[in-house]
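Try each task before reading its solution.

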Amino acid sequence: MRTTTGRGLQPNVLGTFDTVVMAVAGSAPAYSLAATTAVLFGAVGVAGPAALLYCAIPMFGIVLAYARLGRIDVNAGAGYSWVGRTLHPFLGFLSGWALVVSATVFMVAGSLPAGTLTLSLVAPSLAGSTPLAAAVGAGWFLVMLLVVLAGARLTVRAQLLMSGVEMLILVVFVVAAVLHRGHATAFDWSWFGFGHFDGPAGFASGALIAAFYFWGWDVTSNLSEETRDSRRTAGLAALIGVGVVFLLFEAFTVAVNVLLSAGQIESAGANVLAVLGQEIWPGVGGKLLIVAVLLSTVATLETTLIQVTRSLFAMGRDRTLPAALGTVHRRWNTPWVAIAAVGAAALLMFCAAAAAGSVGQILSDAVNAIGLQIAFYYGLAGLAAVVAYKSLLLTSVRNFLLGGVWPLLGAAFMLWAFVESLGELSTTALVIGLGGLLVGVVPMVVHWRKGSAYYRPARLDAVRALAAAGPFAPTTPRARRADESLATDF
């Protein structure tokens, strides 16, 4: 094992296509639809398509912010580094900590449905048992933990297989839903308007849940130190990935509104895609969509593990958390101590989940708590992009709109949703969401007092950074040949 003051992670492992796959898998289309559709319907009713649409617009502003920040600072910590170098190191640390907490909570929120779905395929009578679902989900989690530990090359190959099959099944069912004749409710364009929201607080609740749908695309930024030509690739892949999952989210949410009654949606809970599949293709459809959700769940466990462990690696490297977290495995070039720490924390949470209530209630509280933390650190990243590029915003209309107005709109929307939704969430969701953030103050103060250099940052300024980086250099034939065994590309 070794610790390094340099990057430590293996460069040029991922190409453009690999990174796009990671962005799509990070948002986990099938899992997000299965775990969150009933929660979204419970919050905003048939206005789910509108909530997704009006969250997607500012979300693209955050994607642009990440793309522009990644161009001037390639760092596995992503928002942790960018916010710390533009707004304030304390805010930067809390931004990274929010990702760590939300991703760790998601280990349970993601693994429980994986356990339930596995049981529903092999032993349907046992699928309702929370302890059994937690045990089987923990098994899937440990498998993905070992895959991530073994390195980025194995990780991306596993991802290509799982996400490829998932996307094929989802696209087939989108086409089948369009051709399906029977329906419970006639399609209505008002589903995309504001009329079905219960005031600003109801809209904010829907937006927070919709943010959870999209969450995960930013894994491309956490993988930037391992990506070929990452100053361009990470941002491009995130834009493509969010565009793809947005279309899938809208198509399936409309299909649920049309084909299922309110009672079916509420009683189905996290099993809503299986019910939809049975409605579209009786006998086979439900099973196929269960397979898609299971693949999506396992795939997003993998990408979330990458996010949290790369963030912890960056924080350990900067000595804002114990330095051991920055330790890299000599053979696999992965942050093995960070991976082990996340594994241990998640297994403790599995034990708590096994003794808790129903899977549906755990998912609902986890989705809302994670949504709070997502809104917090996405909002700060949007502000960071505007501050970093402030000297260039008035140099062209393109810079003003894409570098200023849209990221600022995204940041304002996320922070507004964070504040506005506080009064609407359950006590459990607030304790997990806000309590998780407040716990981060303790290690922040401890390592600040120890004198971590992170708290004396070199300010991130786009003009200086772009001048130092120069234009994107094309890959030379020799460099391309050297990378062929590592990365898949277009």
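**Exercise 1.** Find the helix that holds S163, and decide whether S163 is buried or exposed.

*Solution.* Step one: S163 sits in helix α7, residues 152-179 (helices are DSSP runs of H or I, at least four residues, numbered from the N terminus). Step two: S163 has 5% relative accessibility and therefore counts as buried (under 20% relative accessible area, with exposed over 50% and partly exposed in between, using a 1.4 Å probe and protein chains only). Step three: leaving aside neighbours within four places in sequence, S163 is in contact with V21, A25 and A299 (heavy atoms within 4.5 Å).

This is a predicted model, where local features need pLDDT of at least 70, side-chain atom pairs count only at pLDDT 80 or more, and totals for chains, interfaces and linings use all residues. Residues are numbered from 1 along each chain as its sequence is written, and side-chain values use heavy atoms, with hydrogens and water left out.

**Exercise 2.** Work out which residues A375 is in contact with, leaving aside its neighbours within four places in sequence.

*Solution.* Start with the location: A375 belongs to helix α15, residues 359-388. Its relative accessibility is 1%, so A375 counts as buried. The contacts of A375, with those neighbours left aside, are L208, M414, L415 and F418. Finally, the C-alpha atoms of A375 and A98 are 9.6 Å apart, although 277 residues separate the two along the chain.

**Exercise 3.** Find how many residues of α8 are buried.

*Solution.* Count along the helix: 14 of the 16 residues of α8 are buried, leaving α8 mostly covered. Then look just after α8, where G216 takes a positive phi of about 120°.

Definitions and conventions. Helices (H or I, at least four residues) and strands (E, at least two) are DSSP runs, numbered from the N terminus.
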